[in-house]
Amino acid sequence: MEKVQAPAVEAEKSLSEINERIRDGSVRVVTAEEMPAIVEELGPDGAVREVDVVTTGTFGAMCSSGVFLNLGHSDPPIKISRAWLNRVEAYGGVAAVDLFLGATQPSEDKGIEYGGAHVIEDLVSGRPVDVIGEGVGTDCYPRMEIETTLHLEDLNQALMVNPRNAYQRYNAATNSSERTLHTYMGTLLPRFGNVHYSGAGVLNPISNDPGFEYIGTGVRIFLGGAQGYIVGPGTQHSPESGFATLMVAGDLKRMTSEFLRAATFTRYGPTLYVGVGVPIPILNERLALSTAVRDEDITVPIVDYGVQRRERPVLRSASYAELRSGFVEINGKEVPTASLSSFHMARRVAGTLKEWIERGEFLLTEQAEPLPRSGVIRPMKQTKELPYVGDVMNRDVVTVGENISVPEAARVIVGSRFDHLPVVSDDGKLMGIITTWDISKAVANGNISRVSEIMTRRVYSATPDEPIELAARTMDIHSISALPVVDKDNRVIGMITSNDLSRLFAGRRSR
Amino acid sequence: MKLMLRVAPGIVRKPLIASVILETGALINIERASIDAVSGEIVLDVSDDKCRQVKDAFERRGVDVILLEIPVMRNEEECVHCGACIAICPTGTFRFDDWKVVTDPGKCIQCGACVTACPHRALQLVLR
C-alpha cells in the first residue's frame, strides 16, 4: 500500500510565545558562539524547538559614536553657540542648551590623548566635567558666557546616538610600504609585518541575521551595558557588499564604563570602544540556520594601507577563523595577525544579554521595519579637484648613473634646474638620490669619489597618478623638498618639488 | 634573564660588552641598544646561571645594571583584551589565552612599541 507522506511542516514560533517564556522564566537562550554546534547536532528544525533566543555581541572601536546632552537652562539664560566639555569641543548648533559631543573630537589642551570618547567615559564613571559655553546674546537668551561643572546626573538628558556601529564585518589591514603606519587599524609594521583585524566574527550581530529577518528599526538591544534600540541602518550601510551597519541609540545614564571605553590610536585620534549586542529570536529555521554562522563562514579582504588612496589594493581574503589563528599567509610569508576589537568583551556582551533575558529583565521587541537589504556605499562626489603629480611634475628631469664621479655630478646639478639629482641604474631604474648638500659635504670632507658612495639609497618617490596632496605629505613627513616621480617599473620620469607645490597653491589663492 | 645597562658618557665608547664576554665567557644576546654621543641604554639577554657574574662584571666597569624582572606592566583596569599589542611585539611578549591577553614579561626588551600601540594606554614600561 502506498503511503502518502505529509509535507514537512517548518518548525516555527512567534515572538510573543518567546516573550511569554521570558516572563515565566522558561526561555532557552544560548550565545551565537554555542549555536553552530546545536544546529549541527539537532538540525535547524530541532534547533528551533530547542532554542528561543541567540544572543550576539561585539566590542570594538566605533568612531561614529556620540551623545546628545541637555545641560538645562542657566539664569540668565544662554543660547550656546560653541561649547567645550573638559576642553573638548561639542557641537552647539542645536537649540540653546543641547550639545552633541562626538567620540573622535580631540581636546584643545591634551590633543588626541583625551577626546570626546574620554569625556563620555568620565561622565559614565560619575566624574565631574568642566563645561564652558559661548553664547550669541539675544533678547531671550541674553547671557554671553557660561562656566560650570556637571556630573552625568546633573544633565536633563544624556542620549547616546551612534550613527554607525556594529559593522557586519571589517576589512583587515596590512602595510606594504617601507614605513610604520599609525592608523585607526593600529600600528601597521612595514613590509607586511603584521595584519590587524576587527570584529567579533561568530558573535557579530548582523552576521547572525544578514537577511534582516529580525534586525530592524525599533529592535531592543544591548548598548554600552544598558538597553538601547536600533534606530535604523547606520551611515555607510552597505548590505549588498556585506558591510551593513547599525544606527543605535540609548540612555547614557543607564550605561556602564565596563562597556564604554575611551581609547586613542596613536597619531590617529580618540575613539570609543562600544559594546553592542542584539538578541535574535529563533522564530523559524531560517533564523536557526543564519545564527549557525561560524568564523570560517565570514571572510574579509586583507587591504594594503600602504597605499594611501580610497581604493586600497586587496591582497587576499581571509576568514575570521584564519585571522584568529594568529597567522595568515601573504605572498608566501607567514604574517602574524592580531585583533583590535575584543573577543573577550564581545563574549561578555553576549553573555550579559543572555543573563538579562534569562532573568526576565529584557523582552524582545518586534521590528518596525527591516533594515534595507539593498544599497552600497558610494564614494564622495568631488567637485573641486586638486591635480595629480603627473599634471604638475617637471618632465625635463636630469639623471645620472651610479658610476660617475662627484665632480661630474656637481657639473650636472649646476646645469640643471634642481637641487636634487636622481641616480639611476643602466636601465633607468631609481637607485638613489644626491643633493647639492651631499656634494658640498663630500667636497668639504675631501671625499671626491663616485656618487654611489655618497648618495642616499632610501629614496622617497611619487607616482604620476598620485594626488599632489599625497606627494606633499610624503615631503612633509620626511622633511624633504623634492621627490623623483617614477613609473610602475621604478623608472624616473619626472621630478616634483616643494616649489612646484607652493606655486600651485599661490596660484590658486590669487585666483 | 634580561639586564638593562645604563652606560655613562665617560665610558660609552669603551668595548664594554666585548670585555665582559671575554671575562665571563657568557653567551650574551644584545636585544636592543640605543647609543649616542653622550650615553647608552642597552638591553641584554643572559642565561640565568651567568646572570650574576655578568652583572658584577659590568658594575665593576662603572655601568648601572638593572635586572628586568617585570619590564612591562599591564593595567588590568584599562586593558580590554583587544590584542593590539600582540603582533607588533618583536619578541612575542603578549598572547591570547582563551581570548584574554596574557603577558610573558621574560620576553620583553623594553622597545616600547606596545606602549604606543595600546589604544587603551594600559601598558607601561617599568623604569623608563
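The crossing of helices α8(A) and α9(A) is left-handed, a word used when the near helix is turned anticlockwise from the far one by less than a right angle, with right-handed kept for clockwise. This is a predicted model, in which local features need pLDDT of at least 70 and side-chain atom pairs count only at pLDDT 80 or more, while totals for chains, interfaces and linings use all residues. Residues are numbered from 1 along each chain as its sequence is written, with chains lettered from A and ligands numbered from 1 in the order in which they are written.

Let me stay with that pair of helices for a moment. The axes of α8 (residues 406–415) and α9 (residues 436–444) of chain A come within 10 Å and cross at roughly 145 degrees; axes here are lines fitted to C-alpha atoms, for helices over the stretch in contact, and angles run from 0 to 180 degrees between N-to-C directions. Helices are DSSP runs of H or I, at least four residues, numbered from the N terminus. On the α8(A) side the contact is made by V406(A), A409(A), A410(A) and I413(A), and on the α9(A) side by T436(A), I439(A) and A442(A), where contact requires C-beta atoms, placed from the backbone, within 7 Å.

Turning to where the chains meet, chain A brings 21 residues to the contact and chain B brings 16. On the side of chain B that touches chain A, helix α3 (residues 113–117) of chain B gives the most, with 3 residues.

Chain B itself is divided into domain 1 (2–67) and domain 2 (72–125), with bounds from an automatic or database domain assignment, and their C-alpha centres lie 26 Å apart.

Conventions: Contact = placed C-beta atoms within 7 Å. Helix = DSSP H or I, 4+ residues; strand = E, 2+ residues; numbered from the N terminus.
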